[in-house]
Amino acid sequence: MAHIPLNHPARPIYRVLAGLIGLYILVFGVWGTAQTLGDPLFDRDGEWVLGLRTNLAFALASVVFGAFLLMGASRRGNLGHYMNLIAGVVFLVTSILMMSVLQTSANVLSFSMSTVIVSMLFGLILLGTGLYDKVGPVEPAETEPDGPGRPAADPNRS
């Protein structure tokens, strides 16, 4: 994909942002698991943790996904890039699907509208970080062409 920038100067900031999102999701999952430990797996009443409603299934999935995001943010190569792209798409698709079943019995993860909004926001941020944290080869400045489609000028040629 030629339109995805390589070695963006703000790449470390994007990785930290993805790591912070992963840390929030991991803490949310651990805290949610502790709060809902005795409840049924797909309890529709759910508990409120860090401003979001959760049940045991969603809390356990958040632990796994938070660890996944932290692992991706800690990788220096393109693995983190692909993990953030995948996570962004998963968050966006999940939030849209859960919004469509919000007031029905199919809301098995006990989502609320605030959970949908946070999931969409996290999905957009992770998608953005995935687009800007791709790593590529570092090429020296003297091998760059003088202009589009033109080879670099030879200083020995008159």
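**Figure 1. Ser-110 in the loop between H3 and H4 of the predicted model.** Ser-110 belongs to the loop that joins H3 to H4, where helices (H or I, at least four residues) and strands (E, at least two) are DSSP runs numbered from the N terminus. This is a predicted model, in which local features need pLDDT of at least 70 and side-chain atom pairs count only at pLDDT 80 or more, while totals for chains, interfaces and linings use all residues. Residues are numbered from 1 along each chain as its sequence is written, and side-chain values use heavy atoms, with hydrogens and water left out. Although Ser-110 is not a glycine, its phi is positive, at about 60°. With a relative accessible area of 0%, Ser-110 is buried; here buried means under 20% relative accessible area, exposed over 50%, and partly exposed in between (1.4 Å probe, protein chains only).

**Figure 2. Leu-50 in the loop between S1 and S2.** Most residues other than glycine have a negative phi. Leu-50 sits in the loop between S1 and S2, and its relative accessibility of 35% makes it partly exposed.

**Figure 3. The chain as a whole, for orientation.** The protein chain holds 4 helices and 2 strands, which follow one another along the sequence in the pattern α-β-β-α-α-α. Of its 158 residues, 37% are buried. Among the contacts in the protein chain with a separation of 6 or more, 68% are between residues 24 or more positions apart, a contact being heavy atoms within 4.5 Å.

Figure 4. Helix H1 (11-35) has 25 residues and reaches 36 Å from its first C-alpha to its last, close to the 36 Å expected at 1.5 Å a residue; the expected span is 1.5 Å times one less than the number of residues. The buried residues of H1 include Arg-15, Ile-21, Ile-25 and Phe-28, and as a group the buried residues of this helix pack against strand S1 (47-49), S2, H2, H3 and H4. Thr-33, also in helix H1, is buried with a relative accessible area of 15%. Leaving aside its neighbours within four places in sequence, Thr-33 is in contact with Leu-56, Ala-59, Leu-60 and Val-63.

**Figure 5. Asp-39 in the loop between H1 and S1.** Asp-39 lies in the loop between H1 and S1 and is partly exposed, with a relative accessible area of 28%. Not counting residues up to four places away in sequence, Asp-39 touches Glu-47 and Leu-56. Asp-39 and Ala-57, which are 18 residues apart in sequence, have C-alpha atoms 10.0 Å apart in space.

Figure 6. Leu-56, Ala-57, Phe-58 and Ala-59 are among the buried residues of H2, as are Ser-62 and Leu-69. The buried residues of H2 are covered by elements including H1, S2, H3 and H4.

**Figure 7. Helix H4 and its buried face.** Helix H4 (residues 113-132) has 20 residues, which should span 28 Å at 1.5 Å a residue, and its end C-alpha atoms, 29 Å apart, agree with this. Its buried residues are Thr-115, Val-116, Ser-119, Phe-122, Gly-123, Leu-126, Thr-129 and Gly-130. Seen down the axis of H4, these buried residues fall within an arc of 155°, so they line one face of the helix; the arc is that of the directions from the helix axis to the C-beta atoms. An α-helix has 3.6 residues a turn, so residues three or four places apart point the same way. The buried residues of H4 pack against helix H1, strand S2 (52-54), helix H2 (56-74) and helix H3 (78-100). Leu-121, in helix H4, is partly exposed at 49% relative accessibility. Although Leu-121 and Gly-88 are 33 residues apart in sequence, their C-alpha atoms are 9.3 Å apart in space.

**Figure 8. The largest pocket.** About 250 Å³ of space lies in the largest pocket. Of the 17 residues that line it, the closest to the centre are Phe-58, Ser-62, Phe-91, Phe-111 and Ser-119. On a 1 Å grid over the protein atoms alone, a cavity is a set of points where a 1.4 Å probe fits but cannot get out, and a pocket is an open set with protein on both sides within 12 Å along at least five of seven lines, its lining residues having an atom within 4 Å of a point. H1, H2, H3 and H4 each supply at least two residues of this lining.

Terms used. Grid points are joined across faces, edges and corners, and a volume is the space filled by probe spheres set on the points.
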